[in-house]
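This briefing walks through selected strand pairings, a loop residue, charged pairs and aromatic contacts. Please read it alongside the sequence and the model.

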Amino acid sequence: MSSALIYAFICYFYCFLKFMYLELAKKYQAPLYVYDGDIIIKKYNEFRNAFKIKNLKIHYAMKALSNIHILKLFNHLGSGLDCVSIEEILLGLKAGFKPESIIYTPNGVSFEEYKKAINLNVKITIDNISILEKIGQEYPNLPIFIRLNPHLMAGGNSKISVGHIDSKFGISIHQMPIIKRIIKNYTINVEGIHIHTGSDIIESEVFERVARLILHIADEFENINSIDFGSGFKVKYKENDLETDIKQVGKTFSKLINDYCKKRNKELTVRFEPGKFLVSEAGKFLAKVNVIKQTTACTFVAVNSGFNHLIRPMFYNAYHKIENLSNPKGDKKMYSVVGYICESDTFAEDRLINDVREGDILAFNNAGAYCFSMTSNYNSRLKPAEILWLNGKDYLIRKADVFDDLIKNQTDIEIEF
Ligand SMILES: *Cc1c(COP(=O)(O)O)cnc(C)c1O
């Protein structure tokens, strides 16, 4: 095929995709989340195939996107789950995951919640000394994971860097003597160690440093059969963004791990907990343009949404690429895209977007991870619907809220004022 033909084909394909999203916005009404299941499958396989490790277990971090049909898709692919609350565990079990493929890695939860998780037979990760002692007292034989904080500063910004010195996550590696004393006193069964250094790590070199450090620490635990390396894989939000080179990370890790297993004469199970990497790119958030406001300083585009539906730009200063699906050939102009919430809820400032008109549908890219799962009903607004697109078919996997959803838990008692 000539390159011109290939180019025409690719253009046609992208036109088709844009058209498809527009059709979905028409059929289900924006605001709307659409997830491309084929991309999720592709990313899962890409991750899995990057590692040449015999006992590799991927535990999808479901807090990124927790719709039960997405969970079922991951279960179908052979993934396990990483859960951070008892409710996530219950959702995972409901989606069909076996308890042994679920790891529970919470932070700051009560011992009562741990007990509930233990009774559900999922794998438990302990991230503080107080709970470790309680486990020792009440469940001395329970196999557990210990989450360690390696104090390596890594990650995209301070809100998502969880490995550094002030981080509330994990037990400091400087407290190893205490950890070892408690384990010995109560004869706690440490099945594995866990580390999660934070989101958005670009350099495979940081991963390597973390890996070397944790393998060094692993020497101190005689009976472990597993190491959990958490996540932190970065994805592209815009064209020239750097992303984690998963092939390179996979190569480095596989060699380190396989050498280590040989050294200890053990087949360790190696676990990862990717969230963002698996689902971020699969999602698009579609919103409709309510008003265009021209000021002396800039042109505002206000959409029928806000941080109640997509909070990452305001919360993390995150960049989400915005496309005008309704006018892909229009001249590019500079816009500030804002929401309809009575707060400053700016999605993007000074963005070049194809000429925007009232009624147009805008698509926010990378809306798979930490988007719907962070929605709220602020301003008494309704949450949007979610659609899964798979094998050329669209499935409504969550209905949009209706007014009743806002008041269904508010009691109708009569109070005398
Ligand atoms: C949030 C979280 C993850 C997933 O992080 P991503 O950056 O989305 O891949 C993995 N493990 C734990 C313990 C987490 O809290």
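Strand β11 (residues 283-294) and β12 run antiparallel and are joined by five bridges, in a model that is predicted.

**Strand β12 and its partners**

- Four residues separate β11 from β12, and the two strands form a hairpin; within this pairing, valine 291 has alanine 302 of β12 as its bridge partner.
- Strand β12 is also joined to strand β14 (residues 332-338), here by three bridges and in a parallel arrangement, and valine 301 finds its bridge partner in valine 337 of β14.
- Because four of its five residues are buried, strand β12 (residues 299-303) is largely enclosed by the rest of the structure.

**Aspartate 360**

- Aspartate 360 is placed in the loop between β15 (346-354) and β16 (361-364), and with a relative accessible area of 5% this residue is buried, the cut-off for that class being under 20%.
- A polar atom of the aspartate 360 side chain lies 2.9 Å from the backbone nitrogen of arginine 357.
- Leaving aside residues up to four places away in sequence, aspartate 360 touches Ala287, Lys288, Val289, Asn324, Ser326, Asn327 and Asp355.

**Salt bridges**

- The whole structure contains 17 salt bridges, one of which brings together the side chains of lysine 27 and aspartate 394 at 2.8 Å, N to O.
- Since lysine 27 belongs to helix α1 (residues 3-28) and aspartate 394 to strand β18 (residues 393-398), this pair ties together parts that are 367 residues apart in sequence; lysine 27 counts as exposed at 54% relative accessibility, while aspartate 394, at 22%, counts as partly exposed.
- Glutamate 208 and arginine 212 meet through their side chains in a salt bridge of 3.1 Å, N to O, and both residues lie in helix α8 (residues 204-218), four residues apart, about one turn of the helix; glutamate 208 counts as partly exposed, at 27% relative accessibility.
- In the salt bridge between lysine 321 and glutamate 239, the closest N and O atoms are 3.1 Å apart.
- Lysine 321 lies in the loop between α11 (312-315) and β13 (322-324) and glutamate 239 in the loop between β9 (226-228) and α9 (246-264), so this pair ties together parts that are 82 residues apart in sequence; lysine 321 is partly exposed at 26% relative accessibility, whereas glutamate 239 is exposed at 57%.

**Aromatic residues**

- The count of aromatic pairs comes to 22, and among them is the pair of phenylalanine 47 and phenylalanine 272, which is edge-to-face because the ring centres are 5.7 Å apart and the planes stand at 75 degrees.
- This pair links distant parts of the chain, with phenylalanine 47 in helix α2 (residues 37-50) and phenylalanine 272 in strand β10 (residues 269-272), 225 residues apart, and both phenylalanines are buried.
- Phenylalanine 111 and tyrosine 139 also form an edge-to-face aromatic pair, at 6.4 Å centre to centre and with 65 degrees between the planes.
- With phenylalanine 111 in helix α5 (residues 111-119) and tyrosine 139 in the loop between α6 (129-138) and β6 (143-149), the pair ties together parts that are 28 residues apart in sequence, and both residues are buried.
- One aromatic cluster is formed by Phe47, Phe51, Phe229, Phe233, Phe253, Phe272 and Phe277, and lysine 43 lies over the face of phenylalanine 277, at 4.2 Å from the ring centre.
- The charged end of arginine 351 sits over the ring of tyrosine 319, at 3.7 Å from the centre of that ring.

Key
Residues numbered from 1 in each chain as written. Predicted model: local features only at pLDDT ≥ 70, side-chain atom pairs only at ≥ 80, totals over all residues. Heavy atoms only, no water. Buried < 20%, exposed > 50% of the residue type's maximum accessible area, 1.4 Å probe, protein only. Pairing = 2+ DSSP bridges. Polar contact = N/O pair within 3.5 Å; in protein donor to acceptor, adjacent residues only side chain to side chain. Contact = heavy atoms within 4.5 Å. Salt bridge = Lys/Arg side-chain N within 4 Å of Asp/Glu carboxyl O. Phe/Tyr/Trp six-rings, centres within 6.5 Å; stacked < 30°, edge-to-face > 60°. Lys NZ or Arg CZ within 6 Å of the ring centre and 35° of its normal.
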